[in-house]
Amino acid sequence: MKGLNQWWFGYGSPTALGVFRILMGALTFVNLAMVALYFDSWFTERGVVPPAIAQQYAAGAGRLNLLSSVTSTPLTMAFYAVVMLAALLTTIGLWTRVSTIVLAVGVISLHHRNMLILHGGDTLMRVCLMYLAIAPAGAACSLDRLIALWRGKAPVEPAPVPLLGQRLVQFNVALLYLTTVWHKRGGTFWFDGTATWYPSNLHEFGRFWIPAGIEFSTWFVKLTTYGTLFAELALATLGFYRPFRKWVLLAGIAMHGFIEYRYNIPLFAFLTVSTYVCFYDGEEISAWAKRLGARFAPMKMILFTPRKARLEQGPA
């Protein structure tokens with residue numbers, strides 16, 4: 001129990017959280033930019049889901065929605081712009097504590113304003129943004145830290161931070177895959193090896209071409225069906241076990257890479273795979289970055305200064 005308590009509530013390097021913040025903030029910004037192309041249709045009185053319809057659809061549960069009953073298009077557009085700005089600030093890590101909270105509350109409100117256009121990737125994004133809002137997400141890989149270094153108010157190596165937010169992401173992703181497998185066990189198509197044949201015939205989701213002789217062949221359908229079950233079960237369990245972690249996450253990347261290539265589910269694969277960084281400790285990511293930097297060491301520059309120039313010591 002002591003080890004489990006340390007895993008959940010211990011301290012460690014914030015680097016993994018910083019990288020995850022960059023990925024999630026950037027993907028959220030892209031998501032909002034894509035949806036904004038059809039803003040009038042999705043979020044105004046003239047659109048297909050006016051506020052009254054949205055409230056009826058979301059009735060029956062208490063939901064955080066700052067746009068509830070708002071019918072003013074300029075006001076809704078201003079709110080949307082603020083959320084996009086928060087996504088950009090979250091990505092670069094500027095005023096991170098405030099920007100992550102604004103982004104989480106804003107995205108939750110937009111999702112509850114129109115729930116008809118959401119898919120599983122949007123739900124995962126919303127949950128992860130809530131975890132970032134409660135985590136010290138700006139302690140590394142951020143402009144906040146860079147400014148603190150310039151002012152001499154931060155140590156050269158990031159100070160250890162609580163890892164609860166990162167652990168919540170890991171646990172949520174594992175639970176996501178475990179419940180997915182659990183629900184699939186109730187049917188027959190997954191266990192008789194035919195499940196992936198059906199989405200391949202939903203042409204409205206089709207994206208890039210695969211030869212029909214391969215996609216609908218028995219061996220390929222069974223490979224993708226059983227391969228999906230194996231990858232999801234492994235991601236729900238073995239992703240926490242370091243000797244197998246890399247191979248399990250690579251299997252997840254391969255699975256979601258195929259989904260991204262074949263099916264038009266915007267940003268679903270990118271959002272899911274971005275959570276994999278949380279399965280690594282910040283110290284591991286920092287060590288990898290240093291090894292990568294060492295490879296580029298031969299490209300370093302030598303700076304010459306005037307012979308009697310005085311160099312004063314300052315913050316890192």
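So, the residues lining the second largest pocket: 14 of them are nonpolar, four are polar and one is charged. Keep in mind, everyone, that we're looking at a predicted model.

How much space lies in the second largest pocket? About 430 Å³. Its lining is made of 19 residues, and if you want to find the centre on your screens, look for Asn31, Val35, Trp42, Ile117 and Pro266, which are the closest to it.

Which helix gives the most to this lining? That's helix 2, with four residues. Helix 2 spans 15-36, and the other helices that each supply at least two lining residues are helix 3 (39-43), helix 6 (96-113) and helix 7.

Hold on to helix 7, please, as we move to the largest pocket. Helix 7, residues 120-134, also gives two or more residues to the lining there. The largest pocket holds about 730 Å³ of space, and 30 residues line it. Lying nearest the centre of the largest pocket are Lys184, Trp190, Thr228, Glu232 and Ile259.

Besides helix 7, the elements giving two or more residues to that lining are helix 9 (164-184), helix 11 (218-237), helix 12 (242-262) and helix 13 (268-274). Where does the largest share come from? Helix 11, which provides seven residues.

Conventions: Residues numbered from 1 in each chain as written. Predicted model: local features only at pLDDT ≥ 70, side-chain atom pairs only at ≥ 80, totals over all residues. Heavy atoms only, no water. 1 Å grid on protein atoms, 1.4 Å probe; cavity = no way out; pocket = protein on both sides within 12 Å on 5 of 7 lines; lining within 4 Å. Points joined across faces, edges and corners; volume = space filled by probe spheres on them. Nonpolar A, V, L, I, M, F, W, Y, C, P; charged D, E, K, R; others polar.
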